[in-house]
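Subject: Structure handover and notes

Hello,

Here is the structure I said I would pass on. Please look through it first; my notes follow below it.

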Amino acid sequence: MLVRVNVNGEWRSADVWPGSSLLSMLRDDLGLPGSKNACEQGECGSCSVWLDGALVCACLVLAPQAHERVVRTVEGLAAGEAMHPVQEAFVEAGAVQCGFCTPGFVVAVTDLLERDEDLTEAEVREALSGNLCRCTGYAKILEAVRIASGRMHLREDEV
Ligand code: FES
Ligand code: FES
């Protein structure tokens with residue numbers, strides 16, 4: 001069936017099997033491999049995207065459920081060559097090892113900081129508890145959240 005979605009500001013269509021996931025449509029049909037397929041069971045957060053502004057696991061959403069809706073993926077965060085502050089912070093903090101979990105974390109952290117930048121570490125840990133990393137031990141990811149939070153605040157103050 002033909003599914004039409006607005007992805008990162010652009011209307012795109014794909015002819016998909018009705019049982020395919022949004023994740024599969026993004027990666028295999030629309031050429032957007034940033035969202036990762038690690039568990040395909042809603043357990044790891046590697047496939048996190050926004051659907052009509054709400055954070056979802058793209059592996060748990062059927063592609064037809066996204067028809068005529070707005071999807072934002074990790075590919076939509078950078079502004080041309082300029083990384084998003086959360087992406088910059090992950091690089092700066094060394095929060096990336098194998099990188100498989102990174103797009104999902106970047107999306108989840110961006111979602112968190114766009115909604116609320118004054119969070120305690122416990123609140124950040126709770127908010128990110130659906131994202132799993134097998135490499136970093138999370139300390140550097142939390143450091144990246146601290147860096148990004150300060151930077152996003154600063155940029156808002158400058159506007
Ligand atoms: S691949 Fe979707 S939650 Fe793990
Ligand atoms: S950096 Fe490897 S799973 Fe997180």
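This is a predicted model: local features need pLDDT of at least 70, side-chain atom pairs count only at pLDDT 80 or more; totals for chains, interfaces and linings use all residues.

**Overall picture**

The protein chain has 5 helices and 5 strands. Read from the N terminus, the order of its elements is β-β-α-β-β-β-α-α-α-α. Along the principal axes, the C-alpha atoms fill a box of roughly 45 × 35 × 25 Å. A compact globule of 159 residues would have a radius of gyration near 15 Å, and the protein chain has 16 Å, so the two agree.

Of the 159 residues, 43% count as buried. The protein chain exposes about 8,100 Å², and carbon and sulfur atoms supply 51% of that area. Among contacts with a separation of 6 or more, 59% are between residues 24 or more positions apart.

The largest nonpolar core has 26 residues. The residues with the most contacts inside this core are V86, F90, F105, V109, L113 and L128. Helices α2 (85-93), α3 and α5 (139-158) each supply at least two of its residues. To see how one member sits, select V86: leaving out residues up to four places away in sequence, V86 touches V106, V109, T110, L113, A148 and M152. There is also a second, separate core of 20 residues, which includes V5, M25, V49 and A66.

**Helix α3**

Helix α3 covers residues 102-115. Because 12 of its 14 residues are buried, α3 is largely enclosed by the rest of the structure. The buried ones are T102, P103, G104, F105, V106, V107, A108, V109, T110, D111, L112 and L113.

D111 lies in this helix. With 8% relative accessibility it counts as buried, because the value is under 20%. The side chain of D111 makes a polar contact with the side chain of R115, at 2.9 Å. An α-helix has 3.6 residues a turn, so residues three or four places apart point the same way. Setting aside neighbours within four places in sequence, D111 is in contact with W50, G53 and L55.

**Loop residues**

Two residues have a backbone angle to look at. D52 has a positive phi of about 50 degrees although it is not a glycine. D52 is in the loop between β3 (48-51) and β4 (54-57), and with a relative accessible area of 45% it is partly exposed. E68 has a positive phi of about 65 degrees, and it is not a glycine either. The place of E68 is the loop between β4 and β5 (70-72).

Which side of the cut-offs does N131 fall on, buried or exposed? N131 has 6% relative accessibility, so it counts as buried. N131 is found in the loop between α4 (121-127) and α5. Its side chain reaches the backbone oxygen of G45 at 3.3 Å. Apart from neighbours within four places in sequence, N131 is in contact with C44, G45, S48, G104, F105, A108 and Y138. Of these, G104, F105 and A108 are among the buried residues of α3.

E43 is in the loop between α1 (22-29) and β3. At 51% relative accessibility, E43 counts as exposed, because the cut-off is over 50%. Not counting residues up to four places away in sequence, E43 touches G130 and L132. E43 and P18 are 25 residues apart along the chain, and their C-alpha atoms are separated by 23 Å.

**Where to start**

I would begin with α3, where 12 of the 14 residues are buried, and then go on to N131 and its contacts, including G45 and Y138.

Regards

Definitions and conventions: Residues are numbered from 1 along each chain as its sequence is written. Chains are lettered from A and ligands numbered from 1 in the order in which they are written. Side-chain values use heavy atoms; hydrogens and water are left out. Helices (H or I, at least four residues) and strands (E, at least two) are DSSP runs, numbered from the N terminus. The expected span of a helix is 1.5 Å times one less than its number of residues. Buried means under 20% relative accessible area, exposed over 50%, partly exposed in between (1.4 Å probe, protein chains only). A polar contact is a pair of N or O atoms within 3.5 Å; within protein, one must be able to donate a hydrogen and the other to accept it, and residues adjacent in sequence count only if both atoms are side-chain atoms. Contact means heavy atoms within 4.5 Å. A nonpolar core is a set of buried Ala, Val, Leu, Ile, Met, Phe, Trp, Tyr and Cys residues joined through side-chain atoms within 4.5 Å. The radius of gyration is taken over C-alpha atoms; the globule rule is 2.2 Å times the number of residues to the power 0.38. Accessible areas come from the Shrake-Rupley method with a 1.4 Å probe; for residues, only the protein chains shown count as cover.
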